[in-house]
Amino acid sequence: MKRTHHCGQLRSSDVGKSVSLIGWVDSIRDHGGILFIDLRDREGLTQVKANPNSDDAEFNAAINKLKPESVVEFRGEVEARAEGTTNAKMPTGEIEVQVKEVVIHNISETPPFPIDDDKGDKVNEDMRLRYRYLDLRRNKMNKVVRMRHATTRAIRDYMDTNGFVDVETPILFKSTPEGAREYLVPSRINPGEFYALPQSPQQFKQMLMVAGVERYYQIARCFRDEDLRADRQMEFTQLDIELSFIDREDMYELMEGLMKQIWKDVLDVDLPTPFPRMSFEDAMNRYGVDKPDTRFGLEIQDFSETFANSSFKVFQATVAKGGVVKAFKAPTLADVTQGEMKNLEETAKSLGAKGLAFIKVAEGGEWKSPIVKFFSEEEKAALNERLALEEGDIVFFAASDWEQACAILGRTRLECAELLKKRGRLEIPADQFNFLWVIEFPLMSYDEERGGFAATHHPFTAPVPEDVQYLDSDPKRVRGQHYDLVLNGVELGGGSIRIHQTAVQKKVFEDVLKIPQDVVEERFGYMLEAFKYGAPPHGGIAFGLDRLVMILAGLKSIRDVIAFPKTQKGQCLMTDSPTPVTEKQLKDLHIDTTVLADDED
Ligand code: ASP
């Protein structure tokens, strides 16, 4: 089975050549007794011409049997298309192949949906996932699969050039229940005991640093048993990286180089570096989120001082209690509809707001707002000046504790941007890539539910050296050596410089995070021990590969960049998993279940 060319290859310079093509029948058109067949392989389409009424009965029978998606091999001669029948949209549009011989490898049944970019996009996603092998056969999906390959190839090239070693780490790991919920795997030969699937290779990569590997990377599968959203999968892929003898600056430079190479190799785009940096506090204050989309303004401002003594009691009392009053302006959006306003309010309420206070600047500059009657002239003047209000603008307020006020306006800001886009008043070019390092996160955040401190990133992150002195007295004040790489409002990855001294790590576990000593010993004892034997200073980062490819491909769903993804209910519709298992299988694994399989109840 030898093809001379692929289906996207032949040009007018090939006219006269004898060729052999193999692929799928994309379409068959009957033009007065002559069949025009578009033959498709992953590289493209070639028009093939066949006479089903030739002198060769066997040939005719074969040609007449063809149906779309059948796999065939055509041998014939390349001809120039007649004038007026060339197709400038097809790279092979100047030629066609006059078929002389045909070999049928497989006649296809009528597929459940058309293998077509546009029509296929309209097919229900469950159907596409059930017949994923047909969905992936579409040109669009084929391109994504190959773009993912181009991305990992660029990554491997860059990592190799920079001295990184690819090391595999175990998939059967140990349960470390403090993170997201994990998948457990029963051990048949250790009754009653379980492995856990890794949420990331974090601990192993740190051990590789103690082992002297110096520069590690892995394109690693990770597992988190979380509720699935559009941008989450229960199993996903990370580009996982760890290095010894580096500081944050080295890390920024190396990772900027990596992004530069990926964008160049995959999209042929030259990314400007260095990427801008923003502190966590600044990101929250100005954008209301730790992963700001800086492709548009609508920046949030703080008006706490303005309203500290306001006769508008809601604002005044919030500030008196140590909270904040924040606001941002959405230019030209005073024409927000009632329905849109209701949605904005609901979002705000879902984040803990009681409502969403606003001012609309109506025609003639008049302010329309249920709250403005309580504002003094100075307060109005301050708003006017700092927000530069113009006719048609709308201002949104949040008054609450700092984090909540930021979160409310952060989300409102994003929704306003969508409303402006919908009205054609905000345009973001598809090729605008706003990379941003978000840095100086607090090492610990207070977890209301647990009533204690939790690591903002993970407990292995090193504190900023000058803040170590506050670890006991004021842990909230301690910043971590943590960095996130954000692109257009999406967190691409994050990491940190790690703690590499046993005493500091033990202190963070026991004194700051208040993990009982025996639990520390049981979960992390081996790590604390390892650090005693010459652990080098080290740090790392991990990027979500699926998200990265999703952005490169300009897609909205992570499922579109994974060959065989799970649905939001965690199912693989193609293989129909998960499934019940037999009583015998469970028994072998020493598992008793409260849910019986269908055939057993
Ligand atoms: N293991 C971390 C994560 O999965 C990343 C890192 O710190 O390198 O988020």
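Phenylalanine 564 lies in the loop between α15 (545–552) and α16 (583–588). Helices (H or I, at least four residues) and strands (E, at least two) are DSSP runs, numbered from the N terminus. The model is predicted: local features need pLDDT of at least 70, side-chain atom pairs count only at pLDDT 80 or more, and totals for chains, interfaces and linings use all residues. Residues are numbered from 1 along each chain as its sequence is written, and side-chain values use heavy atoms, with hydrogens and water left out.

Phenylalanine 564 has a relative accessible area of 46%, so the residue is partly exposed. Buried means under 20% relative accessible area, exposed over 50%, and partly exposed in between (1.4 Å probe, protein chains only). Together with Tyr133 and Met574, Phe564 forms a nonpolar surface patch of about 300 Å² accessible area. Patches are made of residues with over 30% relative accessible area and no salt bridge; like charges are joined within 9 Å, nonpolar side chains (Val, Leu, Ile, Met, Phe, Trp, Tyr) within 5 Å. A salt bridge is a side-chain nitrogen of Lys or Arg within 4 Å of a carboxyl oxygen of Asp or Glu. Areas come from the Shrake-Rupley method with a 1.4 Å probe; for residues, only the protein chains shown count as cover.

The protein chain holds 16 helices and 22 strands. Of its 601 residues, 48% are buried. The C-alpha trace spans about 95 × 75 × 60 Å along its principal axes.

Helix α12 (residues 402–422) has 21 residues, which should span 30 Å at 1.5 Å a residue; the end C-alpha atoms are 30 Å apart, in agreement. The expected span is 1.5 Å times one less than the number of residues. Buried residues of α12 include Ala405, Ile408, Leu409, Arg413 and Leu420. Their cover includes α8 (280–287), β13 (324–330), α10 (338–350) and β16 (394–400), where contact means heavy atoms within 4.5 Å. Glycine 424 follows α12, with a positive phi near 75°.

The whole structure contains 24 aromatic pairs. In the pair of phenylalanine 307 and phenylalanine 397, the ring centres are 6.4 Å apart and the planes are at 85°, so the pair is edge-to-face. Phenylalanine 307 sits in the loop between β12 (301–302) and α9 (313–320), and phenylalanine 397 in strand β16, 90 residues apart. Rings of Phe, Tyr and Trp (its six-membered ring) pair if their centres lie within 6.5 Å; planes under 30 degrees apart count as stacked, over 60 as edge-to-face and the rest as tilted. Both phenylalanine 307 and phenylalanine 397 are buried.
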